[in-house]
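Here's a quick briefing to read with the model open. Have a look at the fold first, then work through the points below.

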Amino acid sequence: MEPTLLFQDGQVRIATRWDDTGLKFMPSHTPPLDTLLPRELMLYSLGLCAAKTAKALLDKMRVEFSAMEVCVTGTLDDLEPKSYTAYRDMHIEFRITADAETLPRVEHAIEITHDKYCGLTLMFQKIAPVTNTLVFNP
């Protein structure tokens, strides 16, 4: 499937996933990064920071997962790009596949990623509300 940047009702959606070799996060459902607008790169950066922070915490907690995808959406306050167009809100969705007994540790890792350790989440919360959800697949 060709990667595409998803726009819907004033929302921009960008995703990143842990690649098959387990070495790094790669864009998923996203066009080449050099084609993204700066405000789209902001969402990508937020997703990448949250994903890398969560992975580092899961590694430290000795939680093994078979898949992780992080999708970030942001709602623009104006559909027509203007110099003052800003995000009204941003949302991070973590999709993680791991053993069922690791769920409490995964939830804790996502919580502290959002509230304490992801610097971009903390910075973007000064611009607009940033929320998160966890979709856990045992």
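Strand S4 (residues 65–76) is largely enclosed by the rest of the structure, because 10 of its 12 residues are buried; buried means under 20% relative accessible area, exposed over 50% and partly exposed in between, with a 1.4 Å probe and protein chains only. Bear in mind that this is a predicted model: local features need pLDDT of at least 70, side-chain atom pairs count only at pLDDT 80 or more, and totals for chains, interfaces and linings use all residues. Residues are numbered from 1 along each chain as its sequence is written, and side-chain values use heavy atoms, with hydrogens and water left out.

**Around S4**
- S4 runs antiparallel to strand S5 (residues 87–98), with 11 bridges joining them; strands pair if DSSP finds at least two bridges between them.
- Ala-67 has Thr-97 in S5 as its bridge partner.

**The chain as a whole**
- You'll find three helices and six strands here, in the order β-β-β-α-β-β-α-α-β from the N terminus; these are DSSP runs numbered from the N terminus, with helices being H or I of at least four residues and strands E of at least two.
- Of the chain's 138 residues, 41% count as buried.
- Among contacts with a separation of 6 or more, 68% come from residues 24 or more positions apart; a contact means heavy atoms within 4.5 Å.

**Helix H1**
- H1 (residues 38–60) has 23 residues and reaches 33 Å from first C-alpha to last, close to the 33 Å expected at 1.5 Å a residue; the expected span is 1.5 Å times one less than the number of residues.
- Just after H1 comes Arg-62, with a positive phi of about 60 degrees.

**His-114**
- His-114 sits in helix H2 (residues 103–117) and is buried, with a relative accessible area of 8%.
- Its touching residues, leaving out those up to four places away in sequence, are Thr-121, Leu-122, Gln-125, Val-130, Thr-131 and Asn-132.
- The side chain of His-114 also reaches the backbone oxygen of Val-130 at 3.1 Å.
- Thr-53 is 61 residues from His-114 in sequence, yet the two are 9.1 Å apart in space, C-alpha to C-alpha.

- The chain averages a pLDDT of 81, and 72% of the residues score at least 70; pLDDT is the predictor's confidence in each residue, from 0 to 100.
- Confidence is highest in H2, at a mean of 98, and lowest in strand S1 (residues 6–8), at 43.
- Over residues 1–9 pLDDT stays under 50, and the model has 20 contacts beyond four places in sequence for this stretch.

Notes: A polar contact is a pair of N or O atoms within 3.5 Å; within protein, one must be able to donate a hydrogen and the other to accept it, and residues adjacent in sequence count only if both atoms are side-chain atoms.
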